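Biologist: I've got a protein model open and I'd like to learn how to read it. Could you walk me through a few features?

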Amino acid sequence: MTYPETLTWLYSQLPMYQRVGKAAYKADLSNTWKLAEYLKNPERELKCIHVAGTNGKGSTSHMVASVLQSAGYKTGLYTSPHLKDFRERIKINGEMIPKRSVSFFVSKHKPFFEEHQLSFFEMTVGMAFDYFRKEEVDIAVIEVGLGGRLDSTNVVTPEVSVITNIGMDHTQFLGNTLPKIAGEKAGIIKNGVPVVIGEIHGETRPVFEEVAKAVHAPIYFAEEENLMPFPCDLKGAYQLKNQKTAVSVVGKLWDKGWKISSEDIGEGLLNVVNNTGLLGRWQVLQEHPKVICDTAHNKEGLSLTMDQLKKESYGSLHIVLGVVSDKDLNTLLPLFPKSAEYYFCQPEIGRAMDVTILHEAALKYGLHGKAYASVKEAFGKAKKQANKEDVIYVGGSTFVVAEVL
């Protein structure tokens, strides 16, 4: 298959959470284990860091990968979802997997995929592990897709496990309380493997401590550690917790014999975007007017980005906003400022919330603006109406951000 044909098959043949939502979620690892065995268990040959969490896991994964690259290690990075290019999900030292490698892997193993009806995510995880093994990476940073315990990435035994934080997201799969969600995320804690918890919460701490104790895993809370602060190129005050988590993780690797100096940490954190190609985290697309995009899409993440937005200086604020259909608007909309001009839209995916529903709900919370048929139209109108001293914020969904990058 050609590369475009391969992507069409990957996206359309089988369910994919990014595209269709709940129908794609499999609460079972049996297919992943079958695939791992079929591929001759590449996950067993990987040294890795396994990163879960409601928010910050993508940024933390990229920070850790950047530090490891700066220390001279050939570093794999598996993340999801992608913003512009499927190959963003699988990188080595910031370079995306080649198109030919994607096509070859799918073409070679397509009969097995079809026979076992593997999901998009299962196939992509298998592709990543297989590619990292073939390229003989020194270490790979593996980001959990959804949850932890039943996520397809959870067949690895890492050097360090990481749980950035817990928030009320994907409650239809993970549970509707913080302890229940923490229990799912804690499923990545492995026997004897140190685990770093990024954010302390009274309701979730006992869950993590109990699971860690049961499997004899040393547990560390990054907030309680006396860690040296480092400057970072990822802007936004909300990244400070992620930086601390990343530094804590690197410390655990150092304890295990990995050669990483404080200079490597400093260089890695200052060059996250250059080293890894991370997109969409408080990313400034232009000045005059200043355009900021951020992929935050749940209560915890949006609370932080809205706080950050308040610190900006501007004449007027313009917000291009779209969300997916499973979001609780009564939780999210009160977080947004009433003083902004809104450009409501819906991204081009099946899971997008109808812009009319979003617009009508927003009016009830005093958020005024117009509805547009597409992200492109909404963003174009915002840029047309904004003066040079204004700020335009684009967000509400990863998929809205993807369409403006």
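Biologist: Which residue in S5 does Gly76 stand opposite?

Modeller: Keep in mind that this is a predicted model. To read a strand, look at what sits across from each residue. Here Gly76 stands opposite Ala140 in S5, and on S3 the bridge partner of Gly76 is Ile92.

Biologist: How do S2 and S5 run, parallel or antiparallel?

Modeller: Follow the chain direction along each strand. S2 and S5 run parallel, joined by four bridges, whereas S2 and S3 run antiparallel, with three bridges between them.

Biologist: Are the residues on the two faces of strand S2 buried or exposed?

Modeller: Check each side in turn. Thr75 and Leu77 are on one side, Gly76 and Tyr78 are on the other, and all of them are buried.

Biologist: Which residues touch the most other members of the largest nonpolar core?

Modeller: That core has 33 residues, and Leu10, Met127 and Phe132 touch the most other members. Helix H6 gives the largest share, nine residues. Leaving aside neighbours within four places in sequence, Met127 is in contact with several residues, including Leu10, Phe86 and Val102. There's also a second, separate core of 29 residues, with Val51 and Leu253 among them.

Biologist: Why does Ser103 count as buried?

Modeller: Compare its relative accessibility with the cut-off: buried means under 20%. Ser103 has 7%, so it counts as buried. Ser103 lies in helix H5, and its side chain makes a polar contact of 3.3 Å with the side chain of Thr6.

Note on methods:
Residues numbered from 1 in each chain as written. Predicted model: local features only at pLDDT ≥ 70, side-chain atom pairs only at ≥ 80, totals over all residues. Heavy atoms only, no water. Buried < 20%, exposed > 50% of the residue type's maximum accessible area, 1.4 Å probe, protein only. Polar contact = N/O pair within 3.5 Å; in protein donor to acceptor, adjacent residues only side chain to side chain. Core = buried A, V, L, I, M, F, W, Y, C linked by side-chain atoms within 4.5 Å. Contact = heavy atoms within 4.5 Å. Pairing = 2+ DSSP bridges.
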